[in-house]
Amino acid sequence: MARILDGKATAAEIKAEVAAGIEELEAAGRSVRLDVVLVGDDPASATYVGGKEADASQVGMASRVHRFPAGVTQQRLTDLVDELNHDPAVSGFIVQLPLPEGLDPLPLISRIRPEKDVDGLNPESAGRLSMGLPSLMPCTPHGIIQLLRRHDLPLEGREAVVLGRSNLVGKPMAQLLLRENATVTVCHSRTRGLAEVASRADILIVASGQREMVGAEHVKEGAVVVDVGIHRKQEGGLAGDVRFDEVEPKASAITPVPGGVGPMTRAMLLHNALQAARATLA
Ligand code: NDP
């Protein structure tokens, strides 16, 4: 039986720490505010943004959502990014992705001041991360590191395999694992002999975006398995990128879906907003 890595409970710990940090700043006469730019009417994005507002209010953090119709111009969004960059009341902000067709996210994300880039996704933040310099870190991989650390799962010297190389998850995950002194292999859709490579891992992070593609054949006996995937099942509920029932008996520890990586991602956004607010005080 694998140990279940409870992201919900660990996220609750982090949220409590953030709430205490906010109180401290407020006692010093400062507040923390997280803003979100939401464009169009994608229902998944609306749900995620609603979740972010609820999370912020739960820890006593102010938040504001800037809503625009899908037809908004790139220039209007550029102007808003500039406004938020310069507004001292805004500790940090994100542009909720994906943007509707016709809008280009990269120039917007690149324009966010790194000190306010609480998603940690702009090229400067990514560059700083890869150089080992201080930066706000992308929420999902940072949340995974926190989840492993807080379950006392060592990374140093371990074989870590990351399945996926997106800018959002796979690449920053690999950077953070390197920073923890793991030996890191990154796999992707052109990797040959995926099951053989994956089954070398002491720590296997799966972020392929392919529902339940990872099975027992990809997993070494005793490995720690982290499932980043989120897929809505037609019959209701969520599935991950890992076939949980098949992998769990082989793993020593595994994240569930839901209740694993998802809550950690959300908690780390709050953590980043607090960190951004502290940095602007310094
Ligand atoms: P992307 O689709 O951007 O990236 C998927 C990566 O997996 C790519 O690098 C791709 O390779 C690789 N890949 C796809 N199919 C295969 C395959 N058959 N074999 C090997 N590699 C493969 O996804 P994201 O990184 O954005 O997200 C990954 C998953 O995590 C999704 O399910 C997403 O919903 C979820 N997610 C969950 C979060 C959470 O908080 N829990 C947060 C963010 C994402 P290539 O580069 O060659 O195309």
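The structure is a predicted model, in which local features need pLDDT of at least 70, side-chain atom pairs count only at pLDDT 80 or more, and totals for chains, interfaces and linings use all residues. Residues are numbered from 1 along each chain as its sequence is written.

**Helix α2**
- Helix α2 spans residues 43-58, and its 16 residues reach 22 Å from the first C-alpha to the last, close to the 22 Å expected at 1.5 Å a residue, where the expected span is 1.5 Å times one less than the number of residues.
- Helices (H or I, at least four residues) and strands (E, at least two) are DSSP runs, numbered from the N terminus.
- The buried residues of α2 are Lys 52, Asp 55 and Ala 56, and they are on the same side of the helix because they cover an arc of only 100° around the axis, the arc being that of the directions from the helix axis to the C-beta atoms.
- Pro 43, Thr 47, Ala 54 and Ser 57 are exposed on the other side of α2.
- A residue is buried if 20 or more other C-beta atoms lie within 10 Å of its own, exposed if 12 or fewer, and partly exposed in between, with C-beta atoms placed from the backbone.

**Ligand shell and annotated positions**
- Of the 26 residues around the ligand, Gly 164, Ser 166, His 188, Ser 189 and Thr 265 come nearest, a residue being near a molecule or strand if its C-beta atom, placed from the backbone, lies within 6 Å of it.
- Helix α10 (residues 261-281) gives the largest share of this shell, three residues.
- An unreviewed UniProt entry lists Gly 164, Arg 165, Ser 166 and Ile 230 for "binding site", and such annotations may be inferred rather than shown by experiment.
- Gly 164 lies in the loop between β5 (159-163) and α7 (170-179), and it counts as buried because it has 23 C-beta neighbours inside 10 Å.
- Arg 165 has its place in the loop between β5 and α7, but counts as partly exposed, with 18 C-beta neighbours inside 10 Å.
- Leaving aside residues up to four places away in sequence, Arg 165 touches Gly 170, Lys 171, Val 186 and His 188, contact meaning that the C-beta atoms, placed from the backbone, lie within 7 Å.

**Leu 129**
- Leu 129 lies in helix α5 (residues 123-130) and counts as buried, with 22 C-beta neighbours inside 10 Å.
- Not counting residues up to four places away in sequence, Leu 129 touches Ser 135, Met 137, Pro 172 and Gln 175.

Definitions and conventions
Contact = placed C-beta atoms within 7 Å.
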